[in-house]
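User: I am new to this structure and would like to learn how its strands may be read. Could you guide me through them?

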Amino acid sequence: MTTAATLSNVAVLEGHDGRVWGCDWKVNVNVNVNVNVNESDGAERAQPTYTLATCSADRTVRLWTVSVTPATQAVCSTTLDGSHTGTVRRVCFSPDGMLLASASFDKTVVVWNVAGVERSETNDADAGEVGALTVLEGHESEVKGVAWNPSGN
């Protein structure tokens with residue numbers, strides 16, 4: 001017999017001025033991670049941080065830095081705006097986590113450089129500029145989805 005899992009909120013992220021339509025997660029593997037001491041054996045274990053991208057009717061994409069140990073904390077680290085003129089419906093990180101694509105009702109897809117977000121958390125001088133790399137135009141109607149080839153090509 002299986003037992004049903006109990007779900008509960010661990011954080012409520014506030015900041016968008018409109019309905020949130022989509023989100024995507026990535027694990028930050030190239031940054032300093034939180035260290036958690038295991039109570040049973042006293043060993044230190046690295047706990048990764050995560051980046052959550054959210055998109056909204058307010059025409060923005062927000063990047064949240066989320067750590068889960070010892071208690072869940074989420075901070076809006078970056079707001080990507082100024083490139084979409086309509087509701088942003090979907091976001092998707094590239095397989096390597098360096099880029100983020102956002103699809104919008106304004107008939108465009110924006111490809112963002114987000115590599116600098118996680119690097120800037122460690123004060124890396126080579127963090128790079130976070131922002132729009134290119135805007136893909138030409139759709140005849142609103143763009144409701146976006147995805148990357150899993151191979152990254």
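Predicted model: local features only at pLDDT ≥ 70, side-chain atom pairs only at ≥ 80, totals over all residues.

User: How many bridges join S7 to S8, and in which sense do the strands run?

Analyst: Strands of a sheet pair through backbone hydrogen bonds, either parallel or antiparallel. Here S7 (residues 88–93) and S8 run antiparallel and are joined by five bridges. Arg90, for instance, has Ala103 in S8 as its bridge partner.

User: Which residue of S9 is the bridge partner of Ala103?

Analyst: That partner is Val109. S8 pairs with S9 (residues 109–113) over five bridges, in the antiparallel sense. The hairpin of S8 and S9 has four residues between the strands, and Lys107 takes a positive phi near 75° there.

User: Why is strand S8 described as largely enclosed?

Analyst: Buried here means under 20% relative accessible area. Five of the six residues of S8 (residues 99–104) are buried, so the strand is largely enclosed by the rest of the structure.

User: What is the order of strands in the open sheet of four strands?

Analyst: The order is S1-S4-S5-S6, with antiparallel pairing. S1 (20–28) and S6 (73–80) stand at the edges with a single partner strand each, so one side of each lacks a neighbour in the sheet. From one strand to the next, the twist averages 25°.

User: How many bridges join S5 to S6?

Analyst: Seven bridges join S5 (residues 61–67) to S6, and these strands run antiparallel. Val61 stands opposite Leu80 in S6.

Definitions and conventions
Residues numbered from 1 in each chain as written. Heavy atoms only, no water. Pairing = 2+ DSSP bridges. Helix = DSSP H or I, 4+ residues; strand = E, 2+ residues; numbered from the N terminus. Axes fitted to C-alpha atoms, helices over the stretch in contact; angles between N-to-C directions. Buried < 20%, exposed > 50% of the residue type's maximum accessible area, 1.4 Å probe, protein only.
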